Amino acid sequence: MLAICVKDTLARVRSGHASVNVRSLDCALSSSGTCLLEKNEIDKRWQEFYAVVNEKDFKEDGGMDLCGKCVRVRGVSAGNTRTSKIGTVYAKVVDACPSDDCKKGEIGFSQRTLDAFARYSWDKSRLKWDVVPCPERSNLRG
């Protein structure tokens with residue numbers, strides 16, 4: 001029992017890049033989406049702060065079990081310049097992004113999430129992220 005508890009609390013932190021998810025929430029939640037979530041099942045705040053995880057990490061992190069959980073995203077420096085704002089942002093996983101569109105480590109975010117996290121809306125900001133339960137509080141920034 002202790003080993004299971006320890007394993008569950010040690011989230012795997014990944015490195016990658018953020019990008020704007022070109023799919024709207026309605027498209028991600030359509031019958032072609034991986035998670036098969038319904039829009040009315042998603043709290044309004046998560047309808048603005050959502051993410052699409054690359055297919056490889058999606059499978060490694062539990063596949064369908066990842067749907068509806070959150071990614072906690074933290075920016076990292078790129079050499080002498082900061083490509084990310086300071087702080088942590090949470091986004092609900094609503095779909096997987098095919099490998100030919102998203103490389104391992106890459107996450108597509110809603111424009112609102114990317115604006116809260118990246119310095120530029122088109123920026124492929126470097127990030128560190130892990131999978132966590134979605135926070136209960138209304139503030140989506142850590």
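Colleague: Which residues are linked in a network of salt bridges here?

Modeller: The network joins R12, R14, D57, E60, D61 and K104. A salt bridge here is a side-chain nitrogen of Lys or Arg within 4 Å of a carboxyl oxygen of Asp or Glu. This is a predicted model, where local features need pLDDT of at least 70 and side-chain atom pairs count only at pLDDT 80 or more, while totals for chains, interfaces and linings use all residues. Residues are numbered from 1 along each chain as its sequence is written, and side-chain values use heavy atoms, with hydrogens and water left out.

Colleague: Thanks! How many salt bridges does the count come to?

Modeller: The count comes to twelve.

Colleague: How far apart are the closest N and O atoms of D57 and R14?

Modeller: They are 2.5 Å apart, and the two residues form a salt bridge. D57 belongs to helix α3 (residues 55–60) and R14 to strand β1 (residues 14–20), so the pair links distant parts of the chain, 43 residues apart. Helices (H or I, at least four residues) and strands (E, at least two) are DSSP runs, numbered from the N terminus.

Colleague: And is D57 buried or exposed?

Modeller: D57 is buried, at a relative accessible area of 1%. R14 is buried too, at 9%. Buried means under 20% relative accessible area, exposed over 50%, and partly exposed in between (1.4 Å probe, protein chains only).

Colleague: What about K104, which residue does K104 form a salt bridge with?

Modeller: Its partner is E60, with the closest N and O atoms 2.9 Å apart. K104 sits in the loop between β6 (88–97) and β7 (107–109) and E60 in helix α3, so this pair ties together parts that are 44 residues apart in sequence. K104 is partly exposed, with a relative accessible area of 44%, and E60 is partly exposed at 42%.

Colleague: Switching topic: how many helices and strands does the protein have?

Modeller: There are four helices and eight strands. Starting at the N terminus, the elements run α-β-α-β-α-β-β-β-β-β-α-β.

Colleague: What share of the residues of the protein counts as buried?

Modeller: Of its 142 residues, 43% count as buried.

Colleague: And what about contacts along the sequence?

Modeller: A contact means heavy atoms within 4.5 Å. Among contacts between residues at least 6 apart in sequence, 81% join residues at least 24 apart.
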